[in-house]
Amino acid sequence: MLISWLYPRYCELCHRQGESDLCPECAEGLERVPLPICLHCGSTVDGGEPDAHSCAQCRGRDFAFDFARSCCARTKQSVQLIYGLKYHRSNYLARPLAELLARLWDETPELADVKNWCLVPVPSERRHLLKRGYNQAEELARVLSSLRRLPMCFPLQRLRTKAESQTLLSAGERKRNALAAYSLCSSFASGKKRLPTPCAVIVDDVYTTGATAHACARLLKKLPGVQRVGVLTVMRAGRRKFV
Ligand SMILES: [Zn+2]
Ligand SMILES: [Zn+2]
């Protein structure tokens, strides 16, 4: 194609020239979240658990989302892609990563069997937005929205919090911070605006403890008419407990 001749693309991982920023071989080679996964939160269920489809993290916990799924496990390759998207102004990676999300969508009966979804990207803090120039979750959701022909919606806002980054915090601190860090936009809180569909999928780059997904889902479930809230992320980062 002329366009690929004029603007050659190189795979982010193997650097081979091709038609995508992530070649099919490298995309295929990304390690999936090891099976069996918990049907609720999408984490791997440890051997020895009494129920093969329910993990220890979910037992006795009350995640506000109905289910969460991730495309790949945390590996050197997936971290490189996420860091590229998040910290190196590489928003061109949103397309191949959203293509992974679209593939996961087809493989997830909870998503594929229901038609009336809208996509809600996890909002980012204003200072991060200014630094990066884009919100990586929104970039992913935007491409996924065009691939799946689904509406996008922005009912959530990220408030300014003290912690510089969630990365080094314990699970308990993450949960407290996350609940304080997000709120409904005033137009949605007042009822002036509504979600376009009764089912919403929260889109983000990484799922770590589920704290962010829980905080956002909890807010969405307060909106009138919202029936189901799912969570879709590219990478599943940790196995730390949600406390
Ligand atoms: Zn490659
Ligand atoms: Zn679980």
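# Reading helix packing, burial and backbone geometry

Helix H10 (residues 211–220) is mostly covered, with 9 of its 10 residues buried. This is a predicted model.

Trainee: Which residues of H10 are buried?

Mentor: Ala211, Thr212, Ala213, His214, Ala215, Cys216, Ala217, Leu219 and Leu220 are the buried ones. In soluble globular proteins, nonpolar side chains tend to be buried together. Keep H10 in view, and let us see what packs on it.

Trainee: At what angle do helix H8 and H10 pack?

Mentor: Helix H8 (residues 171–181) meets H10 at an angle of about 30 degrees, and their axes are 8 Å apart. An angle under 35 degrees counts as roughly parallel, and H8 and H10 are therefore roughly parallel to each other. Their crossing is right-handed. On the H8 side, the contact is made by Ala171, Arg174, Lys175, Ala178, Leu179 and Ala181; on the H10 side, by Ala211, Thr212, His214 and Ala215. Sorted by class, the residues of this contact are 6 nonpolar, 2 polar and 2 charged.

Trainee: How is helix H4 placed against helix H7, and how far apart are their axes?

Mentor: H4 (residues 94–107) and H7 (residues 136–148) pack at about 55 degrees, with axes 8 Å apart. That angle makes H4 oblique to H7. H4 passes H7 in a right-handed crossing. From H4, the residues Ala94, Arg95, Leu97, Ala98, Glu99, Leu101, Ala102 and Trp105 take part, and they meet Glu139, Leu140, Val143, Leu144, Leu147 and Arg148 of H7. By class, this contact has 10 nonpolar and 4 charged residues, and no polar ones.

Trainee: Which residues have the most contacts inside the largest nonpolar core?

Mentor: That core has 60 residues, and Leu97, Leu101, Leu140, Ile202, Val203 and Val234 have the most contacts inside it. Start from leucine 97: leaving out residues up to four places away in sequence, Leu97 touches Leu81, Leu85, Leu140 and Val234. Leu97 and Leu140 also belong to the H4 and H7 contact.

Trainee: Is valine 231 buried or exposed?

Mentor: Count its C-beta neighbours. Valine 231 has 28 other C-beta atoms within 10 Å, so this residue is buried. Look for Val231 in strand E8 (residues 228–236). Beyond neighbours within four places in sequence, Val231 is in contact with Phe65, Ala68, Ile202, Tyr207, Ala213 and Ala217. Ala213 and Ala217 are among the buried residues of H10.

Trainee: Which peptide bond is cis here?

Mentor: First, the general idea. Most residues other than glycine have a negative phi, and most peptide bonds are trans. In this model, the bond from leucine 35 to proline 36 is cis, with omega near -5 degrees. Proline 36 lies in the loop between H2 and E3.

Trainee: What is phi for histidine 15 and for arginine 149?

Mentor: Phi of histidine 15 is near 65 degrees, a positive value in a residue other than glycine. His15 lies in the loop between strand E1 (9–10) and strand E2 (17–18), and is exposed, with 10 other C-beta atoms within 10 Å. Phi of arginine 149 is near 55 degrees, again a positive value in a residue other than glycine. Arg149 is in the loop between H7 and strand E5 (156–158). With 6 C-beta neighbours inside 10 Å, Arg149 counts as exposed.

Notes:
Residues numbered from 1 in each chain as written. Chains lettered and ligands numbered in written order. Predicted model: local features only at pLDDT ≥ 70, side-chain atom pairs only at ≥ 80, totals over all residues. Axes fitted to C-alpha atoms, helices over the stretch in contact; angles between N-to-C directions. Helix = DSSP H or I, 4+ residues; strand = E, 2+ residues; numbered from the N terminus. Parallel < 35°, antiparallel > 145°, perpendicular 65-115°, else oblique. Left-handed = near helix turned anticlockwise from the far one by under 90°. Contact = placed C-beta atoms within 7 Å. Nonpolar A, V, L, I, M, F, W, Y, C, P; charged D, E, K, R; others polar. Core = buried A, V, L, I, M, F, W, Y, C linked by C-beta atoms within 7 Å. Buried ≥ 20, exposed ≤ 12 C-beta atoms within 10 Å, placed from the backbone.
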